Amino acid sequence: MRWRHPPVYRPLVDLSTMEERHIIVTYRLDRSTIHELCAQLEPDLMSAIRNPTGIPHLVQVLSVLHFLESGSFQTTVAIASGMSQPMFSNVLSRVLSALLKHMHSYIVFPQVEDLPTVKGDFYALGHIPNIIGAIDGTHVALVPPVGVNGCTETGIATI
């Protein structure tokens, strides 16, 4: 009779050996924030595990952060993290569910009564009118939908 041993996961990434700048570029968070996030998500990740994967919580969180940062495919991030694509898909689902539970701690939308002040503060920063929020300075190329001829002076697309 053969005994089935649980899989042993050998992490491919060690934050302690990485330079801080490389961590920020790869995961969009600094070392201490990543450790705080892992500590906050650990109870949710522990309770979500029905079949232990042997993958440390830090590796699960890092692989999901890398996936979100890179916009890459699950297979690519899974290989870079040292796991199969189906396993990464499972990890992605669990980590995102845990993050959603804590979303209110990190994402705050302005209240309606605060909008004039928020718009004024953003206008003072960049002289762009009607801005009510920003996300980490990431630039995203926007392509108008097929059939859109142009924009009006107010910035509303016309068809």
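Among contacts in the protein chain between residues at least 6 apart in sequence, what percentage join residues at least 24 apart? In this predicted model, the share of such contacts that join residues at least 24 apart in sequence is 47%.

The protein chain contains six helices and two strands, and from the N terminus on these elements follow one another in the order α-α-α-α-α-α-β-β.

**Helix α1.** Within helix α1, which covers residues 20-27, the residues I23, T26 and Y27 are buried. These three cover an arc of only 75 degrees around the axis, which means that they sit on the same side of α1. In general, an α-helix has 3.6 residues a turn, so residues three or four places apart point the same way. The helix is followed by R28, a residue whose phi is positive, with a value near 65 degrees.

**Helices α4 and α5.** Helix α4 (residues 74-81) and helix α5 (residues 85-101) have axes that come within 9 Å and cross at roughly 100 degrees, and α4 is therefore roughly perpendicular to α5. On the α4 side the contact is made by Q74, T75, V77 and A78, and on the α5 side by Q85, F88, S89 and L92.

**Two residues in the region of helix α3.** S63 is found in helix α3, which covers residues 57-70, whereas P56 has its place in the loop between α2 (31-48) and α3. Their accessibilities are set out below.

| Residue | Relative accessibility | Class |
|---|---|---|
| S63 | 2% | buried |
| P56 | 34% | partly exposed |

S63 counts as buried because its relative accessibility of 2% falls under the 20% cut-off; P56, at 34%, counts as partly exposed. Leaving aside neighbours within four places in sequence, S63 is in contact with V77, S81, M83, F88 and V91. Among these partners, V77 of α4 and F88 of α5 are also among the residues that make the contact between those two helices.

For P56, the spatial relation that can be given concerns E42: the two residues are 14 residues apart in sequence, and their C-alpha atoms lie 9.8 Å apart in space.

Conventions. Residues are numbered from 1 along each chain as its sequence is written. This is a predicted model: local features need pLDDT of at least 70, side-chain atom pairs count only at pLDDT 80 or more; totals for chains, interfaces and linings use all residues. Side-chain values use heavy atoms; hydrogens and water are left out. Helices (H or I, at least four residues) and strands (E, at least two) are DSSP runs, numbered from the N terminus. Contact means heavy atoms within 4.5 Å. Axes are lines fitted to C-alpha atoms, for helices over the stretch in contact, and angles run from 0 to 180 degrees between N-to-C directions. Angles under 35 degrees count as roughly parallel, over 145 as roughly antiparallel, 65 to 115 as roughly perpendicular and the rest as oblique. Buried means under 20% relative accessible area, exposed over 50%, partly exposed in between (1.4 Å probe, protein chains only). The arc is that of the directions from the helix axis to the C-beta atoms.
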